[in-house]
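Visitor: I'm new to this one. Can you put it up and walk me through?
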Amino acid sequence: MKIDLLQIKGLGALLKSPWFWRLCRIFLLAILLLMIGYGWHQHAIPGVAAADPLMYTNLATYGLWVLWLMGVVFVALLFGRLWCAFCPLGWLNGIISRSGLKRTLPGWLQNQYPVTLTLIVLQLAVYWLSIHRFPDYSAVLMATAIGLVISSGLLFRQRAFCSLFCPAGAVMALYARIAPFQLRVGQQAVCDSCDSRQCVSEEPSWRRFEWGRGILFWNSLRPGCPIDLHPQQLTDDAGCTLCMQCVDNCAHHNLQLGFRPWLAELGQKGLNRSETLFVVVLLGMLTASFSKVNISLREVLFWLPQQAAVALGWQTPGYALLAAIWVTLILPLLLLLPGLILFKLRHLRESTLPAKTGTTDLENSLPLKPSSDSSWTALGQLLLPFIPLLLTVHLILALVKLNTKGAYLPLVLQDPTGVQSYLAMQITQTVAQPTALLPLEILKWLALAILLFGYLFSLLAARKIANRLLSDRAVQFYFWASVVGVSIPAVLYTDTLIRWLFVR
Ligand code: SF4
Ligand code: SF4
Ligand code: SF4
């Protein structure tokens, strides 16, 4: 790491200060409560024909679905999970868990299945109830999240809410694998000779606060890592929530925070089964979201669930269920099938060849070794190079949304309920409707360039992972299977982007 942000004068002190983080989280918690307050009981405007007039003018819907959901993608692009360092929910969950029952999460919940289920339920709620369009539904969603933060905190130790109910954290964990930002120990030798392991040990310690000439000492319990990680053993950035607790705890100041090259550590750790399922679901959801603006593609993609709902005589809730299952599971698996078949051919070919001799211990211990040949393992291997493409698709969706709706922010701040703003824009027409921040001519080329970069980065990632982790004869199979796998959604996205922004 060339530049350690913790060593930069002023910035380092700020980042190391627990009070800086506490104040940021308290401030964001207050905003979250305001969003709930302004969204509560605000569904529509009496007398106004539009079904969802407050979608972009109310603080709850605008703050949650435009600013936060889209903004965190840009944060993840550059800083991985840095949003988690600011997040009031994870922080509150950690604080409450210190005085609760402190049960350990059962083994069957220590994976990404619960969070994948949460993501599917949210998708179902979006299809069925359009929760993203109505402030009251969005407020109930945020209040439910706070309720889960409190109840899971009272029941379990550490940040159970993050691993059970936060799909955003799981998405950011995925993007953190390729982001150029990391927290690592400075010198392994210092950690090797460190007996106290203060960074993670939960023990009382003396604290010190200085103000001018005054110095205050007090004894307090020092929280450990909320994710049960040990900084010395970090090999990727999927798990670390950058909460800075270990930075605050380490008396040797042996932690560094800063930038590294993109994709630097991708493939150090493969995707396990539950992570694989999560990425499959995410691929389906992003593909469906992207296709929303491509009417002909959308009709093709949703033809089967629509026909099934008609054949079964199911109305909106039944169709929403079929569409959610289709989008989150079947559609992405169909998209992945050609690449997976190609990759599995490798196993058929390898089973006819004599075993390779001379592999190193490192090769044998890595997660992508050829003997791991179940379909889910192969899928997990194949999905790693999808991460840059998924991130860029997410980024384009966020860019377009923030570009078209970003200018609503002053209106939302002036009138957080959104009622007066809507009436002034649409009924009395005393306020002009906000326009896009960037002209379409710039936006469309920018979006295309981002998509192209994402595709090229995915190919680069495939080459890197293959060279780093696979035996010589498997490299070509893996690379070409990845090229096929990544190219299928990339073609769909490019076609959509061109129809959406270029052909109007
Ligand atoms: S995982 Fe989710 S709830 Fe937890 S800190 Fe990150 S964003 Fe917040
Ligand atoms: S990070 Fe700090 S406290 Fe933790 S083992 Fe290393 S030197 Fe010790
Ligand atoms: S490793 Fe450090 S920064 Fe990361 S989650 Fe654990 S305590 Fe927080």
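Guide: One term to begin: the domain bounds used here come from an automatic or database domain assignment. This is a predicted model: local features need pLDDT of at least 70, side-chain atom pairs count only at pLDDT 80 or more, and totals for chains, interfaces and linings use all residues. Residues are numbered from 1 along each chain as its sequence is written, with chains lettered from A and ligands numbered from 1 in the order in which they are written.

Visitor: Which domains is the chain divided into?
Guide: Domain 1 covers 1–176 + 181–259, and domain 2 covers 277–406 + 438–502. Their C-alpha centres lie 28 Å apart.

Visitor: How many residues does each domain give to the contact?
Guide: Domain 1 gives 20 residues and domain 2 gives 22. Two residues are in contact if their C-beta atoms, placed from the backbone, lie within 7 Å.

Visitor: Which elements of domain 1 give two or more residues to the side that touches domain 2?
Guide: They are α3 (59–79), α6 (113–129) and α9. The largest share, 9 residues, comes from α6.

Visitor: And how do the residues on that side divide by class?
Guide: Into 17 nonpolar, 3 polar and no charged. Here Ala, Val, Leu, Ile, Met, Phe, Trp, Tyr, Cys and Pro count as nonpolar, Asp, Glu, Lys and Arg as charged, and the others, Gly among them, as polar.

Visitor: New topic. How many helices and strands are there?
Guide: The protein chain has 22 helices and 4 strands. These are DSSP runs, numbered from the N terminus: helices are H or I with at least four residues, strands are E with at least two.

Visitor: What share of the residues is buried?
Guide: Buried residues make up 39% of the 504 in the protein chain. Buried means that 20 or more other C-beta atoms, placed from the backbone, lie within 10 Å of the residue's own.

Visitor: On to the ligands. Which residues are around ligand 1?
Guide: Among them are W83, C84, C87, R159, C162, C166 and T241. A residue is near a molecule if its C-beta atom, placed from the backbone, lies within 6 Å of it. Elements giving two or more residues to this shell are α4 (82–86), α5 (88–97), α8 (160–165) and α9 (167–176). By class, the shell has 8 nonpolar, 3 polar and 1 charged.

Visitor: And which residues come nearest to ligand 2?
Guide: Of the 13 around ligand 2, the nearest are C191, C194, C199, C250 and N254. The shell around ligand 2 splits into 8 nonpolar, 4 polar and 1 charged residues.

Methods:
Buried ≥ 20, exposed ≤ 12 C-beta atoms within 10 Å, placed from the backbone.
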